[in-house]
Amino acid sequence: MVNVVEDRRPQVRRTVIKTLVVLAGMCVFAFALVPLYDVFCQVTGLNGKTASSAQSLVHQEVDDERTVTMQFVTRGAAGLPWRLEVEERQIRVHPGQSAEVHFTFRNLGERSLVARAVPSVTPSPASLHLRKLVCFCFENQRLAAGESFTAPLVFQLTRDLPPEIKAVTLVYTLYPQENDTVTAAMPDDGKHIDAVATRRWADRSSGGET
Amino acid sequence: MASLPPKHRLQSSAADSAATGQHEHHRPRGLMRWVLTTNHKEIGTLYLIFSLTMFLIGGVFALVVRAELFQPGLQLVQPEFFNQMTTMHGLIMVFGAVMPAFVGLANWMVPLQIGAPDMALPRLNNFSFWLLPIAFTLMLSTLFMPGGAPNFGWTFYAPLSTTYAPPSTTFFILSLHIAGISSILGAINIIATILNLRAPGMRMMDMTLFVWTWLITAFLLIAVMPVLAGVVTMMLMDINFGTSFFNAGGGGDPVLFQHLFWFFGHPEVYIMILPAFGIVSVIIPTFARKRLFGYASMVYATASIAILSFLVWAHHMFVVGLPLVAELFFMYSTMLIAVPTGVKVFNWITTLFRGSISFEPAMLFAIAFVVLFTIGGFSGLMLAISPADFQYHDTYFVVAHFHYVLVPGAVFSIMAAVYYWLPKWTGHYPHLRLSQWHFWLSVIGVNLTFFPMHFSGLAGMPRRIPDYSLQFADFNMVSSIGAFMFGLSQLLFVVIVIMCVRGGKTAPAKAWDGAEDLEWTVPSPAPLHTFEHPPQYRPVEH
Ligand code: HEM
Ligand SMILES: [Cu+2]
């Protein structure tokens with residue numbers, strides 16, 4: 001008498017191998033989704049991230065016909081005794097024009113600490129047209145107890161900003177960083193070794209330089 | 001039965017699929033018999049007992065939640081503990097109760113319905129089961145750890161589950177990994193069995209819908225469990241190794257977590273409902289004494305639901321700030337799923353139409369399934385309207401929706417299956433009067449619990465909060481009374497099952513006169529080894 005399970009063993013093995021291949025494919029896919037998401041967001045600007053290193057000015061004629069309201073919002077972080085302030089909460093700019101605003105970091109705590117201001121743009125499509133020439137957000141800041149520090153943001157809204165966008169909000173949120181990660185600048189060269197080992201996930205929008 | 005001695009067979013074969021059909025006298029006895037068993041029926045029983053245990057534990061957690069919500073204000077538990085209870089309730093019910101119950105039913109019934117002697121990979125089957133008690137012991141043990149159990153909801157959104165999580169989260173991640181491996185191995189086994197071990201003459205389109213829906217579910221499991229494993233691994237790395245997948249401070253993106261989670265999560269909800277569709281599609285024709293209406297359309301509807309389920313995940317994320325095109329795409333694709341789902345409901349009702357219906361307990365649960373699941377489908381459609389979801393999201397309306405599809409949906413289908421197949425498993429009919437009591441107490445309890453949640457949700461009551469404003473007091477009191485009624489009536493279910501195992505009216509091989517599938521050709525109770533000689537399958541016209 002034949003045992004069916006015995007009998008069909010080769011077929012079963014083939015099925016199992018096929019399902020294992022699919023399984024392995026899905027495992028790879030799961031992790032591939034992270035860079036895919038990054039690329040997708042970088043191309044579409046959908047998650048409102050801006051470039052993570054300085055960009056150059058695009059020389060173009062200032063569009064005097066249009067005025068866009070640029071708003072700045074700053075937010076602290078839970079457990080970080082810092083304050084981030086902006087000299088002007090709102091300015092009006094013409095597309096193509098570059099502008100400068102100053103931000104002041106203050107460490108109100110009793111220890112020297114490292115933090116970084118992480119930017120986010122609303123509405124998100126505007127993030128593709130916001131160029132930052134100088135920004136403190138490219139690097140971590142270390143502030144001694146009670147110290148304060150003022151740094152400029154120089155930016156430009158390019159003329160191809162979609163016409164329906166009348167106001168752009170740039171939010172800076174403070175995040176505490178590991179103390180040993182303080183660097184002059186977060187380089188994009190990938191050689192940087194620090195506690196945040198997978199920094200490359202971070203450098204989402206390193207493209208866009210001209 | 002092969003005449004080779006088992007030892008020889010072991011040598012001559014792949015290590016993973018050898019130990020089928022041992023001779024009775026080689027079997028270990030007592031407890032070791034259950035620990036080492038490779039028999040699909042015994043493993044099926046183990047899964048079902050495990051699932052019932054988890055159902056009762058998860059139920060106790062739910063009753064803690066409902067007891068706290070009986071009145072406004074904080075009475076019984078601290079908010080921190082309340083959050084641990086909602087989280088553990090969801091995790092235990094989804095991963096510990098509903099999923100293993102369906103795997104247990106598949107273990108028992110798939111080989112019997114396709115005329116196979118056992119699952120294709122019996123030893124792997126044993127391993128998949130025993131991973132589960134390990135996983136859930138680990139998960140439950142987090143309740144006793146410093147800082148308490150996970151408290152971030154069953155959806156464990158980062159950074160709540162990373163930056164702000166209790167230390168026990170690492171154990172929670174490990175337990176999900178183990179449970180995930182168990183599901184994947186179970187799925188591989190089910191696919192291998194269905195594709196290769198059907199009785200001679202049985203084509204794919206001759207399989208029962210239970211077998212069909214499980215085949216498709218198994219593919220869903222293979223496709224999305226790796227994504228779940230990936231997302232919890234990323235959490236693990238964010239927590240312990242300083243990466244920033246989901247940490248905005250390090251350049252990551254918390255919204256990425258939600259995309260990954262729901263890419264798993266929405267197919268997951270179909271993993272919990274497709275086998276239920278299969279069960280109901282088997283039970284209704286039996287007690288309507290008619291063939292299932294639209295067999296082929298049922299198969300295609302199941303397959304299209306499975307495929308569409310990969311395209312709708314962001315309906316859980318309408319409020320994260322999606323661009324307009326995405327809101328519209330996910331709104332319409334979600335509504336599209338209602339079409340194949342509607343086909344199914346239509347076919348069930350048409351099967352009932354002019355049937356010669358009798359209301360055995362299994363049929364009562366199956367009919368309640370059709371009616372109440374449909375209510376859950378309708379509230380799902382309301383939630384799918386993206387602008388409306390801005391109002392409904394994170395309110396009790398969502399809680400009402402998913403409990404309607406999961407409790408009188410998935411759970412009722414499991415109970416229907418138990419009442420339907422108990423005669424096959426034990427050789428006895430379950431006690432009729434008590435079963436009817438169980439049914440009516442359950443239906444009334446479920447509706448008392450979850451129907452008022454629609455109203456409190458529409459009125460704006462947020463979910464996952466231990467306290468609420470006074471205007472929600474009446475709805476919540478009714479919900480809590482219903483919850484205790486439902487919960488306690490499940491003890492009756494336990495009593496009925498135990499009584500049925502011990503004795504009761506004897507069931508013949510064909511326990512229900514309208515039942516036509518292959519499992520009813522073997523004696524009741526089904527002997528340990530069935531279909532060792534493959535039955536010759538005679539196709540019936542569907
Ligand atoms: C016609 C079919 C369905 C539609 C249109 C639908 C739609 C939705 C939508 C739009 C949401 C998100 C609501 C929100 O968070 O604001 C949701 C949540 C949910 N649905 Fe469904 N659904 C359907 C069927 C199902 C089924 C069959 C199940 C499970 C068996 C299910 C389980 C869930 C669960 C568990 C949640 C809540 C997840 C959470 O946030 O905790 N749904 N559904
Ligand atoms: Cu969904």
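One term before the first click: buried means under 20% relative accessible area, exposed means over 50%, and partly exposed is in between, with a 1.4 Å probe and protein chains only. This is a predicted model, where local features need pLDDT of at least 70, side-chain atom pairs count only at pLDDT 80 or more, and totals for chains, interfaces and linings use all residues. Residues are numbered from 1 along each chain as its sequence is written, chains are lettered from A and ligands numbered from 1 in the order in which they are written, and side-chain values use heavy atoms, leaving out hydrogens and water.

**Stop 1: the copper ion**

Select ligand 2. Which residues coordinate this copper ion? They are His266(B) through ND1, plus His315(B) and His316(B), each through NE2, at 1.9 to 2.1 Å. Donors here are N, O and S atoms within 2.8 Å of the metal (3.2 Å for Na, K and Ca); water is not among the atoms, so sites may look incomplete. Along the sequence, the donor residues follow the spacing H-x48-H-H.

His266(B) sits in helix α8 (residues 254-271) of chain B, while His316(B) is in the loop between α10 (295-308) and α11 (324-352) of chain B, so the pair ties together parts that are 50 residues apart in sequence. Helices are DSSP runs (H or I, at least four residues), and strands (E) need at least two; both are numbered from the N terminus. His266(B) is buried at 5% relative accessible area, whereas His316(B) is partly exposed at 22%.

**Stop 2: cysteines**

Jump to chain A and pick Cys135(A) and Cys137(A), which are joined by a disulfide with 2.3 Å from S to S. The cut-off is a pair of cysteine sulfur atoms within 2.5 Å, and over all chains the count is 1 disulfide. The torsion about this S-S bond, between Cys135(A) and Cys137(A), is about 135°, so the disulfide is right-handed. Cys135(A) is buried at 5%, and Cys137(A) is buried at 5%.

Next, select Cys41(A). Its closest cysteine sulfur is the one in Cys137(A), 18 Å away and too far for a bond. Cys41(A) is buried too, at 7%.

**Stop 3: salt bridges**

A salt bridge here is a side-chain nitrogen of Lys or Arg within 4 Å of a carboxyl oxygen of Asp or Glu. How many turn up over all chains? The search of the whole structure finds 7.

- Asp206(B) and Arg203(B): their side chains meet at 2.9 Å, N to O. Asp206(B) is buried at 3%, but Arg203(B) is partly exposed at 49%.
- Asp394(B) and Arg463(B): the N to O distance is 4.0 Å. Asp394(B) is in the loop between α13 (386-392) and α14 (396-426) of chain B and Arg463(B) in the loop between α15 and α16 of chain B, so the pair ties together parts that are 69 residues apart in sequence. Asp394(B) is partly exposed at 37%, and Arg463(B) is buried at 14%.
- Lys510(B) and Glu516(B): the closest N and O atoms are 4.0 Å apart. Lys510(B) is partly exposed at 37%, while Glu516(B) is exposed at 64%.
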